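Subject: Structure handover

Hello,

Please find below the structure I promised to pass on to you, and after it a short account of what was found.

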Amino acid sequence: MDKFRMIFQFFQSNQESFMNGICGIMALASTQMYSAFDFNCPCLPHYNLAYGLGILLVPPFILFLLGFVLNNNISMLAEEWRRPQGQRGKDPAVLRYMFCSMAQRAMIAPAVWVSVTLLDGKCITCAFCTSVPVETLGNASHPHLSQGEIQRVLARIPCKEIYNGQQLIANEVAVRYLRCISQALGWCFVLLMTTLAFLVRSLRPCFSQAAFLKSRYWSHYIDIERKLFDETCAEHARSFAKVCIQQFFEGMSTDLVAARCHLPRKAPADAGEAAEKLLGITDQGTMNMALKSWHRCKPPLHLHPPALPAGNGWAGEGQLPTHPSAPRKETAAYYSWV
Amino acid sequence: MDRFRMIFQYFQSNSESVMNGICGLLALASVKMYTSLDFSCPCLPQYNMAYGLGIMFVPPIILFLCGLILNRQSLVMLEEWRRPPGHRKKDLAVIRYMCSSIMQRAMVAPVVWIVVTLLDGKCLICAFSGSMDPQKFVDFANVSTEQVQQLLAKVPCKDDELVRNNTSRKAVSRYLRCWSQALGWSILLILIIAAFLARWLRPCFNQATLLQARHWSNYIDIEQKIFEETCCEHSRLFAHKCILHFFESMQQEIKLHSFSLPREGGGAEGREGLLQGITDQDQVNKLLKTWYYEKPPLDVS
């Protein structure tokens, strides 16, 4: 149990830092993704807006969902939410706490993507280049150009190589203007997010500290209980499997001995530990038959009760006498009500 | 208990260094952010000042708020400030001490940003190029007012066709950069002198009060951490007991429903303990189903 205790304390103390670590990694991943992404503005009047806003808004949505998917606690939240009440009441405050802490962590990577995109400026330049105020920045009195033509020329602003409207409005002027607006939006967005985070974090101790401590304790408890239950079940499964397999080998050994009409071996009082571990199977043919039987006919998931200690010294720690086959089936039916 | 003692000593010695580390990281992050930021002055008369001053002052506010958010002690201080007195009086000196140490650490990154911005010069050139007196510069002296405003606004943009290769543009740029760097170095000097004086002169005033405040602020921090550790330990034990009770109650139920002879103890005790009397696929399924449909009550008395 000491080992389990250490493992659980590790998980508990590091659950928060583990989640924060994943959160930070996703934020870094989103900046990397942005820099690796090859932004390619279409430079066509109606496509620019769709492309620019798409790149601005769709990846954050994906990152937000990914933040939930990568969070282990989402299944815990769902389980706690959907379980029948039974003998234990459900506390909506705990569910709200769990959801809020997960949502906050999942929001960080999308916010980083939106900030980096706005501060870089390419998306807004692509999306809004057709809305540049030509009157103030350029030559609105440029003749012989219909509205549609002007739109087409302006749409090519992000693509310097094919831009042909230098007389209408200088490319650098328009790009600088749009980038300035984009950066202003970006900084305002970052300021807003930081202010919100600050307010959320600093107003909580002022208002609902006791309720917060309660929710935090019980949400940790639910998490620990789930892990401990899984560990206990795993331990149980291990013991179950060990006994099941031991009984299988003993069953095989007994069958083979009965089939060959050998005299029973010498009492194990003078057989060493190694002989005990061999479980009565000591030659190639027997072993092959055991392996074949294990594959073709696995034993039922039902362990025989241990025997009463008999007088012949057989009832050691790991030994179980086998039942004959017929009663085994009866007891299987016997237990199968539940 | 030894392990706990080691962990608490670690927390004690490292609370300050963790916070100093975060402070340093934020300062480095602010320099990195500035260098990776693509500063592009709009070079338009109405927008220059807003952009230049915005870039100089908005990120420091953001960095200051980040410094407060990332510092664990700010939460501890707020809790201490807002808690009901109960059986324990509140000492305002401790709260003031904590507040001042938090603020000092949070101010480092914004100051670094402002100083780097001033030493670099681009922000000030962008913001104040339109406020220069055109008469002082040869190429701008004899131009009409609106046009001179346009030209001055374009000074930060070296490659703009209107002011490319314009010697007066370079003159304005150099002049503003000189002022900007002078301002930057002066601010840095004043702050360092202030920090030096504060650190040197502090022992001359109220040293005893300071020691007390520092001790009790450390104490509050440690107490908070120990409380969280104890709650974790408690919830683990609670869960352990709860699950054991659950397995025992399942075992009882199975014994009640089955008619097997009571088992003898002895050799089978060990294995029996591990298997908790659950030795059948159906019993295991029932146990798992009961765990989901009817979790045991939170009561291990």
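How many residues of domain 1 of chain A are in contact with residues of domain 2 of chain A? There are 21 residues of domain 1 of chain A in contact with 18 residues of domain 2 of chain A, where contact means heavy atoms within 4.5 Å. Domain 1 of chain A covers 1-207 and domain 2 covers 209-257, with bounds that come from an automatic or database domain assignment, and the C-alpha centres of these two domains lie 43 Å apart.

Before you read on, please note that this is a predicted model, in which local features need pLDDT of at least 70 and side-chain atom pairs count only at pLDDT 80 or more, while totals for chains, interfaces and linings use all residues. Residues are numbered from 1 along each chain as its sequence is written, chains are lettered from A and ligands numbered from 1 in the order in which they are written, and side-chain values use heavy atoms, with hydrogens and water left out.

Annotated spans

For chain A, an unreviewed UniProt entry places the feature "transmembrane region" at residues 21-37, 49-70 and 184-203; such annotations may be inferred rather than shown by experiment. Residues 21-37 of chain A are 94% helix and 0% strand, with end C-alpha atoms 24 Å apart, and helices (H or I, at least four residues) and strands (E, at least two) are DSSP runs, numbered from the N terminus. In chain A, residues 49-70 are 95% helix and 0% strand, and their end C-alpha atoms lie 32 Å apart.

For chain B, the unreviewed UniProt entry gives the same feature name, "transmembrane region", to residues 49-70 and 182-201. Residues 49-70 of chain B are 100% helix and 0% strand, with end C-alpha atoms 32 Å apart, while residues 182-201 of chain B are 100% helix and 0% strand, with end C-alpha atoms 28 Å apart.

Helix packing

In chain B, the axes of helix H2 (residues 48-70) and helix H4 (residues 92-120) come within 8 Å and cross at roughly 155°, where axes are lines fitted to C-alpha atoms, for helices over the stretch in contact, and angles run from 0 to 180 degrees between N-to-C directions. H2(B) is therefore roughly antiparallel to H4(B) (angles under 35 degrees count as roughly parallel, over 145 as roughly antiparallel, 65 to 115 as roughly perpendicular and the rest as oblique). The residues that make this contact include B:Phe57 and B:Phe64 of H2(B) and B:Trp113 of H4(B), and by class the contact of H2(B) with H4(B) has 17 nonpolar, 2 polar and no charged residues. Here Ala, Val, Leu, Ile, Met, Phe, Trp, Tyr, Cys and Pro count as nonpolar, Asp, Glu, Lys and Arg as charged, and the others, Gly among them, as polar.

H4(B) also meets helix H9 (residues 207-257) of chain B, the two axes coming within 9 Å and crossing at roughly 80°, which means that H4(B) is roughly perpendicular to H9(B). The contact of H4(B) with H9(B) has 8 nonpolar, 1 polar and 1 charged residues.

In chain A, helix H5 (residues 108-120) and helix H9 (residues 171-207) pack at about 155° with their axes 7 Å apart, so H5(A) and H9(A) are roughly antiparallel to each other.

Best wishes
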